[in-house]
Amino acid sequence: MLEPSEKIWMDGKFVKWADATVHVLTHSLHYGLAAFEGIRCYKGKSGSAIFRLPEHVDRLFESAHISMMTMPYDKKQISEAIVETVRVNKLDACYIRPLAYIGYGAMGLYPGDNPIKVSIAAWKWGAYLGEDGLEKGIRAKISTFTRHHVNAAMARAKISGHYVNSILAKREVKADGYDEAILLDPDGYVAEGTGENVFIVRNGRLVTTPLTSILEGITRGSVMQLARERNIPVAEERFTRDAMYVAEEVFVTGTAAELTPVRELDGRKIGSGKPGPITKALQKSFFEIVRGEDQAHASWLTRV
């Protein structure tokens, strides 16, 4: 269950958590067109810091632009509101959810002049796929649901309605006893998880899906940069589900999932069945950076 914080930022002011409500005829609630972000704040040696805040705010505005929603605030205002939301709630580590949505007004598919509203919430949230998953790896399954075609949905935008696809896939594999679903693109190649980008390691080479049918993950880009800095070859290429079966290592990345190993896929053990050396090295480096233990990428952190 969600652990409530004290306040939520709504259209320029803070309201009590329980009072952060919208009308039942809010347009986005019915039709799914809203842009959102998932951001993490980490507790570190020098205090709390938000990971890659400017990049997340940029992507929020890009998603809104793709969705033809004109943001009523600028990037500076949203960035400051995000930091203040963490401060007001006295959270030293948390998950942050900004949401831009189409408000109450006209109904029907064309929203007309309905106002664009923005909210920012933050709450305590641990490892999305479990602490055990971070340490030992998760069990995943290829979903029968296909990821969106690029001309059926705007894959580069983080739009609320896109995640119906993810919810269906997640429910399907959870019912079968797995932790996470992996979705294929319309051509049958590996796309992404329900909320994560996918990486495989083959012959010491790190491979991830290109930016075709997937969201451009901020954690994905960070991990790719960390790999290159460690002289690990990195490629963006399409690959098949059976390439995952015979990979030496598989892991997924995302703000919620962070960097989580995959130890099994479709009942097949991945590699040794344990997180491999490249996965562990990149995971260690990632957490050292977000917790402020490694100053190599101090610019990735916005102090609270």
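Guide: In this predicted model, the lining of the largest cavity splits into five nonpolar, three polar and four charged residues.

Visitor: What makes residues of that lining count as charged?

Guide: Asp, Glu, Lys and Arg count as charged. The lining includes E248, E249, R263 and K274, so these belong to the charged class. Among the other lining residues are V250, P261, V262, I270 and P275. Val, Pro and Ile count as nonpolar, so these belong to that class.

Visitor: Why is this space called a cavity and not a pocket?

Guide: A cavity is a set of points where a 1.4 Å probe fits but cannot get out, whereas a pocket is an open set. The volume here is about 40 Å³.

Visitor: Which elements give two or more residues to the lining of the largest cavity?

Guide: They are β14 (249–254) and β15 (258–265). The largest share, three residues, comes from β15.

Visitor: How many cavities of 30 Å³ or more does a search of the whole structure find?

Guide: The search finds two. The second largest cavity holds about 30 Å³ of space, and its lining consists of R40, Y42, F51, T219, T255 and F286. Three of these lining residues are nonpolar, two are polar and one is charged. Arg counts as charged, and therefore R40 is the charged one.

Visitor: What lines the second largest pocket?

Guide: The lining has 13 residues, and E55, R59, E216, G217 and I218 lie nearest the centre of the pocket. About 270 Å³ of space lies in this pocket. Its lining divides into two nonpolar, three polar and eight charged residues.

Visitor: Which element supplies the largest share of the lining of the second largest pocket?

Guide: The largest share, five residues, comes from α2. Both α2 and α6 (218–229) supply at least two residues of that lining.

Visitor: How do you know that the span of helix α2 agrees with what it should be?

Guide: Helix α2 covers residues 53–66, which is 14 residues. At 1.5 Å a residue, the helix should span 20 Å, and its end C-alpha atoms are 20 Å apart, so the two agree.

Visitor: Which residues of α2 are buried?

Guide: They are L53, H56, V57, R59, L60, F61, S63 and A64. Buried means under 20% relative accessible area, so each of these falls below that cut-off.

Visitor: What follows α2?

Guide: M68 follows α2, and the phi of M68 is positive, near 60°.

Terms used:
Residues numbered from 1 in each chain as written. Predicted model: local features only at pLDDT ≥ 70, side-chain atom pairs only at ≥ 80, totals over all residues. Heavy atoms only, no water. Helix = DSSP H or I, 4+ residues; strand = E, 2+ residues; numbered from the N terminus. Expected span 1.5 Å × (residues − 1). Buried < 20%, exposed > 50% of the residue type's maximum accessible area, 1.4 Å probe, protein only. 1 Å grid on protein atoms, 1.4 Å probe; cavity = no way out; pocket = protein on both sides within 12 Å on 5 of 7 lines; lining within 4 Å. Points joined across faces, edges and corners; volume = space filled by probe spheres on them.
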